[in-house]
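I opened my notebook to write down what I looked up. The entries follow the display.

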Amino acid sequence: MMEYKVSYRIDGTTTVGQLHRDACGYWGCSPEDFVLCKQISGQPLKDPHNTKKLQDDDVLDPQGWSKLRMIKESEWKKVTD
């Protein structure tokens, strides 16, 4: 598995949906084909309206480093099914 890293600067208004679309645009992939997941838990950050703020405590850890991953949805489903 190849792994690439990139940093994003966010503010208090940045949503999960915005980061997901921006990351997919940066990497040249489709938001429909990839999910944004928490690094540690592997839980997808799916929000039906993509309006949840990234700085919410249940998305990013306000007390430390937070890592998110873009995972191909078909691969993520194999692991979770």
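Entry one, the model. I noted that this is a predicted model.

Entry two, the strands. I looked up strand β1, which covers residues 34–38. Five bridges join β1 to strand β2, residues 68–72, and the two run antiparallel. I picked out Val 35 and found that its bridge partner in β2 is Ile 71. I also checked Leu 36, which lies in β1. The C-alpha atoms of Leu 36 and Lys 72 are 9.0 Å apart, although 36 residues separate them along the chain.

Is Leu 36 buried or exposed? Leu 36 has 7% relative accessibility, so I wrote it down as buried, the cut-off being under 20%. Four of the five residues of β1 are buried, so the strand is largely enclosed by the rest of the structure.

I found a nonpolar patch formed by Tyr 4, Val 6, Tyr 8, Tyr 26 and Trp 27. Together they have about 550 Å² of accessible area. Tyr 26 sits in helix α1, residues 16–27. Tyr 26 counts as exposed because its relative accessibility is 53% and the cut-off is over 50%.

Cys 29 is in no disulfide; its nearest cysteine sulfur, that of Cys 24, is 3.8 Å away. Cys 29 is partly exposed, with a relative accessible area of 21%. Cys 37 has 1% relative accessibility and counts as buried.

Note on methods: Residues are numbered from 1 along each chain as its sequence is written. This is a predicted model: local features need pLDDT of at least 70, side-chain atom pairs count only at pLDDT 80 or more; totals for chains, interfaces and linings use all residues. Side-chain values use heavy atoms; hydrogens and water are left out. Patches are made of residues with over 30% relative accessible area and no salt bridge: like charges are joined within 9 Å, nonpolar side chains (Val, Leu, Ile, Met, Phe, Trp, Tyr) within 5 Å. Accessible areas come from the Shrake-Rupley method with a 1.4 Å probe; for residues, only the protein chains shown count as cover. A salt bridge is a side-chain nitrogen of Lys or Arg within 4 Å of a carboxyl oxygen of Asp or Glu. Buried means under 20% relative accessible area, exposed over 50%, partly exposed in between (1.4 Å probe, protein chains only). Two strands pair if DSSP finds at least two bridges between them. A disulfide is a pair of cysteine sulfur atoms within 2.5 Å.
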